[in-house]
Amino acid sequence: MSVPLRPAWVEIDLDRLAENFRRIRADLPRPVRLLYVLKDEAYGQGAPEAARVALGHGADELAVYTLDEALALRRTGIQAPILLLGERVPPELPACLEHNLVPGIGSLEIASTFDRLAGRAGRRAPIQVKVNTGMNRFGFPWREVAHWAPALASLPSLQVTGVFGHFAQSDETDKSFAREQLAHFDATVAALLAAGIPACRRHHANSGGFLDLPESHLDLVRLGILPLGVYPSSVCRRIPGLAPVMSVKALVTAVQTLPPGDTVGYGMRWRADRPSRIAVLPLGYGDGFPRVRNEGQVLLRGRRVPIVGGVTMDALMVDITELPEVRPGDEAVLLGRQGDMEITVQELATLKRSVTYDVLVGWRARLPRRYLGGIDRT
Ligand SMILES: *Cc1c(COP(=O)(O)O)cnc(C)c1O
């Protein structure tokens with residue numbers, strides 16, 4: 001017997017993802033390569049599925065953060081170039097070599113360890129040089145390039161196939177710090193060249209940089225959130241026709257009828273002031289829904305209805321008194337569109353007191369993913 005589907009799920013529209021990639025590709029000047037950043041399960045969409053669609057519709061390369069993420073992609077048969085963002089620790093390096101992963105390297109210690117390893121294997125191993133241009137997280141410090149560039153150039157078994165930096169702020173109206181970072185990056189690339197390291201792939205742009213800083217496109221852009229149809233901020237440039245890939249839905253599993261004065265949920269924080277009907281949706285903060293109380297809305301029968309009481313770990317309750325036609329089995333939308341109405345990622349981010357990225361990756365693994373479309377998934 002097959003296991004029945006849980007009546008609450010994340011829906012991923014792979015045809016929509018493909019269309020977003022087509023539109024982004026059409027917007028991007030031809031010679032610029034497109035690297036799809038699909039860390040953390042492609043921001044919650046499911047990495048192997050998203051990778052296949054991306055590679056079939058305009059992405060040239062992939063990047064993830066952890067070794068596990070990269071190996072999982074290789075295990076599903078994906079052969080495309082994979083760049084590892086973030087810092088590596090020495091025990092991870094042999095697997096990079098073995099599985100043809102390109103580590104982004106930001107220290108001489110890791111570079112020389114990888115060099116010795118590649119040398120012993122009789123290989124010349126590709127790496128990309130990660131430059132700290134002002135984010136102050138990972139990478140070789142741009143100010144000290146005169147020190148580390150010659151040392152890097154002297155390592156015989158490494159081949160530098162790219163140089164990259166990362167913006168601390170690219171999606172706000174004020175681009176002045178982003179431009180400073182780009183100037184530091186240009187100077188670093190020039191110093192690397194002088195040290196004998198030609199930078200075949202220079203990249204610094206994330207979605208914000210791609211949208212708003214054409215001078216940051218260089219040889220390649222690294223996009224994570226934009227292909228999902230979600231903008232990094234409310235102020236950056238729009239690409240016509242992009243639309244969100246992810247929705248979250250649930251079926252009404254119970255309807256309670258309350259007399260005035262009854263309360264709903266833990267702590268009895270919502271009280272009916274009229275005869276009320278309450279619909280129960282079978283997902284809660286244990287699935288990644290924001291843990292709000294008497295705040296937020298969902299869509300039912302094409303209308304917005306308010307969440308009442310506190311969201312529990314496994315369920316949340318909504319007031320459907322105004323919608324007498326709602327029945328158990330009706331489909332509710334917690335993120336995404338229903339009819340003319342939409343709950344946006346930004347709306348949930350505001351509820352969660354966080355950012356859109358956090359909402360996308362925040363759906364927990366126990367909430368199943370259902371995929372729509374994706375005929376290219378062969
Ligand atoms: C996550 C990430 C990206 C993608 O950023 P988006 O804003 O999602 O496009 C690009 N580069 C690095 C280094 C990242 O960590």
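The chat below goes through the ligand, the pockets and the cavity.

Me: Before we start, what kind of model is this?
Reply: It is a predicted model.

Me: OK, ligand first. Which residues come nearest to the ligand?
Reply: K39, Y43, Y65, S207 and Y357. They belong to a set of 14 residues around the ligand.

Me: What does the side chain of K39 do with an oxygen atom of the ligand?
Reply: An N or O atom in the K39 side chain is 2.8 Å from a ligand oxygen.

Me: And how far is the S207 side chain from an oxygen atom of the ligand?
Reply: The distance is 2.6 Å, again between a ligand oxygen and an N or O atom of the S207 side chain.

Me: What about the backbone of G224?
Reply: A polar backbone atom of G224 lies 2.9 Å from an oxygen of the ligand.

Me: How much of the ligand's accessible area does the protein cover?
Reply: 94% of it. On its own, the ligand has 390 Å² of accessible area.

Me: Which elements give two or more residues to the shell around the ligand?
Reply: Helix α2, residues 39–44, and strand β10, residues 220–223.

Me: What classes of residue make up that shell around the ligand?
Reply: Seven are nonpolar, four polar and three charged.

Me: Which residues are closest to the centre of the largest pocket?
Reply: K39, R137, H166, F167 and N206. The lining has 30 residues in total.

Me: Next one. How much space lies in the second largest pocket?
Reply: About 310 Å³. Its lining has 14 residues, and V230, Y231, R238, Q346 and T356 lie nearest the centre.

Me: How does the lining of the second largest pocket divide by class?
Reply: Six nonpolar, six polar and two charged.

Me: Last topic. How many cavities of 30 Å³ or more does the structure hold?
Reply: One. The largest cavity has a volume of about 30 Å³.

Me: Which residues line the largest cavity?
Reply: P244, M246, L335, G336, E342, I343, T344 and V345. β19 (331–338) and β20 (341–343) each supply at least two of the lining residues.

Me: What are the classes in the lining of the largest cavity?
Reply: Five nonpolar, two polar and one charged.

Conventions
Residues are numbered from 1 along each chain as its sequence is written. This is a predicted model: local features need pLDDT of at least 70, side-chain atom pairs count only at pLDDT 80 or more; totals for chains, interfaces and linings use all residues. Side-chain values use heavy atoms; hydrogens and water are left out. A residue is near a molecule or strand if one of its heavy atoms lies within 4 Å of it. A polar contact is a pair of N or O atoms within 3.5 Å; within protein, one must be able to donate a hydrogen and the other to accept it, and residues adjacent in sequence count only if both atoms are side-chain atoms. Accessible areas come from the Shrake-Rupley method with a 1.4 Å probe; for residues, only the protein chains shown count as cover. Helices (H or I, at least four residues) and strands (E, at least two) are DSSP runs, numbered from the N terminus. Ala, Val, Leu, Ile, Met, Phe, Trp, Tyr, Cys and Pro count as nonpolar, Asp, Glu, Lys and Arg as charged, and the others, Gly among them, as polar. On a 1 Å grid over the protein atoms alone, a cavity is a set of points where a 1.4 Å probe fits but cannot get out, and a pocket is an open set with protein on both sides within 12 Å along at least five of seven lines; lining residues have an atom within 4 Å of a point. Grid points are joined across faces, edges and corners, and a volume is the space filled by probe spheres set on the points.
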